[in-house]
Amino acid sequence: MTKMTVTGFQEVFDTSLIIRFDELCFKILNLYGILITKIIAWSERKESKKTDAEDIGTIMFNYNTLYPHDLYNSYLHLIDKPDYDYTLAGVKILGDRLKRFLAGYPQLYPEIIKIVKDELADEDHSTLALYLNKNENYE
């Protein structure tokens, strides 16, 4: 049986977007909320469910497609770098934006950082990095 925690649920719920349709009202997670829940889910069930890695990859590698104005309005300096790559620039921007988002949640921030650092500590054996590298179709 898979154990699932509620780490981060309150924080992402509190920052969700409110969508109204007639008399109905929905709360939808914003992109950072989705990414946070996927990172936590990956840490808890990476051995049994690979779709969390796919979702993380889709968000990471499509950030500039979802928010192209962010690159051109706030991160133009990335384009001037000699090793500029549109997709990797989006990953860098997403990381920066996620860090800023998490700064407002001092209890959640270290948990997410620990998950990412633990996952990437041994880059040759990171399950997430290996899985992301295998699956190159993130559209």
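User: How many helices and strands are in the protein?
Analyst: The protein has eight helices and two strands, where helices (H or I, at least four residues) and strands (E, at least two) are DSSP runs numbered from the N terminus. Their order from the N terminus is α-β-β-α-α-α-α-α-α-α. This is a predicted model, in which local features need pLDDT of at least 70, side-chain atom pairs count only at pLDDT 80 or more, and totals for chains, interfaces and linings use all residues. Residues are numbered from 1 along each chain as its sequence is written, and side-chain values use heavy atoms, with hydrogens and water left out.

User: Why does Phe 101 count as buried?
Analyst: Buried means under 20% relative accessible area, exposed over 50%, and partly exposed in between (1.4 Å probe, protein chains only). Phe 101 has 15% relative accessibility, so Phe 101 counts as buried.

User: What makes Phe 101 and Tyr 105 an aromatic pair that is tilted?
Analyst: A search of the whole structure finds three aromatic pairs. For Phe 101 and Tyr 105 the values are 5.6 Å centre to centre and 40° between the planes. Rings of Phe, Tyr and Trp (its six-membered ring) pair if their centres lie within 6.5 Å; planes under 30 degrees apart count as stacked, over 60 as edge-to-face and the rest as tilted. The two rings therefore pair, and the pair is tilted. Tyr 32, Phe 101 and Tyr 105 form one aromatic cluster.

User: Why is the charged end of Lys 27 said to sit over the ring of Phe 13?
Analyst: A charge sits over a ring if NZ of Lys or CZ of Arg is within 6 Å of the ring centre and within 35 degrees of the ring normal. The charged end of Lys 27 is 4.1 Å from the centre of the Phe 13 ring and sits over that ring.

User: Where is Ser 16, and why is Ser 16 buried?
Analyst: Ser 16 lies in the loop between α1 (9-14) and β1 (17-21). Its relative accessible area is 11%, so Ser 16 is buried. The Ser 16 side chain reaches the backbone oxygen of Phe 13 at 2.7 Å. Leaving aside neighbours within four places in sequence, Ser 16 is in contact (heavy atoms within 4.5 Å) with Lys 27, Ile 28, Leu 29 and Asn 30.

Key
A polar contact is a pair of N or O atoms within 3.5 Å; within protein, one must be able to donate a hydrogen and the other to accept it, and residues adjacent in sequence count only if both atoms are side-chain atoms.
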